[in-house]
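Take a look at the chain shown here.

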Amino acid sequence: MTAPGQKPLLILQTGHAPEPIRRAHDNFPQMFIRQGDIDPRQVVIVDLQAGERPLPPENYCGAIITGSRSMVTEHLAWSEEAADWVRLGMLQELPMFGACYGHQLMAYALGGEVDYHPQGIEVGTHDVTLTPAGHLDPLVSQLPAQFAANLIHLQTVITPPPTATVLAKTLHDPHQILRYGPNAVSTQFHPEFSLAVMKTYLSWLGSIAEDDSVDFAAQAQHLSETPLSRGLLLAFVSALGKRVALAG
């Protein structure tokens, strides 16, 4: 439970992990709690697809927006409402961290363009490279010039919002980390996915693949732990923890 007068951290759940992943590793919010070393007693989880809705942004010390199997371009009612909420959060300079769908949702909400990546899926453990702006960013500059991250996405931020700053890229995707303001960042990669989660995910994706355009088994051979990617999430949580006792 949160202490009297202490605002909780919101985890805005935009989707559910596939059943085999949930069975082995729990759901998306729990992955963020585990990989972010967050005290679950300080967290409020709001499941948007289940019809739950967050309170206004001023009721939280910060927000994490999860991934989803849905697509931002579907313009689902809950997603459009979440985009409105993101815009309100930005007006109040609420600390926000989005990953994958959360990344795309934040970019879309703030004026960017999201669509399917023209080169298809990006999946596996890949190198992320900081841009010149990333080397100067107060949060991202804590990372080395290049680091490994776990990725699974079909859609992407095609065009960032006009006011966003691109902080990192991969060979496949030029918009891997975006900053939208002093307290809001997002990643196309998954800092919440451990090596074990990725192994289960790729095994599941391989079992349901309808064509052989992607060799998921081959990608699985090149997976690794991604402590530096996870470190970005830990750094975000640590920055919140300087204001409230969130770290577990």
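Helix H2 (residues 28–35) packs against helix H8 (residues 227–241) at an angle of about 85°, and their axes are 9 Å apart. Helices here are DSSP runs of H or I with at least four residues, strands are E runs of at least two, and both are numbered from the N terminus. Axes are lines fitted to C-alpha atoms, for helices over the stretch in contact; angles run from 0 to 180 degrees between N-to-C directions. H2 and H8 are therefore roughly perpendicular (65 to 115 degrees).

This is a predicted model: local features need pLDDT of at least 70, side-chain atom pairs count only at pLDDT 80 or more, and totals for chains, interfaces and linings use all residues. Residues are numbered from 1 along each chain as its sequence is written, and side-chain values use heavy atoms, with hydrogens and water left out.

Which residues in H2 and H8 meet? Phe 32, Arg 34 and Gln 35 in H2 meet Arg 230, Leu 233 and Leu 234 in H8. Contact means heavy atoms within 4.5 Å.

H8 also takes part in a ring pair. Phe 236 lies in H8 and Phe 97 in strand S4 (residues 96–99), so the pair ties together parts 139 residues apart in sequence. The ring centres of Phe 97 and Phe 236 are 5.4 Å apart and the planes are at 50°, so the pair is tilted. Rings of Phe, Tyr and Trp (its six-membered ring) pair if their centres lie within 6.5 Å; planes under 30 degrees apart are stacked, over 60 edge-to-face, and the rest tilted. The structure holds 7 aromatic pairs.

Now turn to another helix pair. Helix H3 (residues 77–91) packs with helix H4 (residues 101–109) at about 65°, with axes 9 Å apart. That makes H3 roughly perpendicular to H4. Among the residues that meet are Trp 78 and Val 86 in H3, and Tyr 101 and Leu 105 in H4.

How values were computed: Angles under 35 degrees count as roughly parallel, over 145 as roughly antiparallel, 65 to 115 as roughly perpendicular and the rest as oblique.
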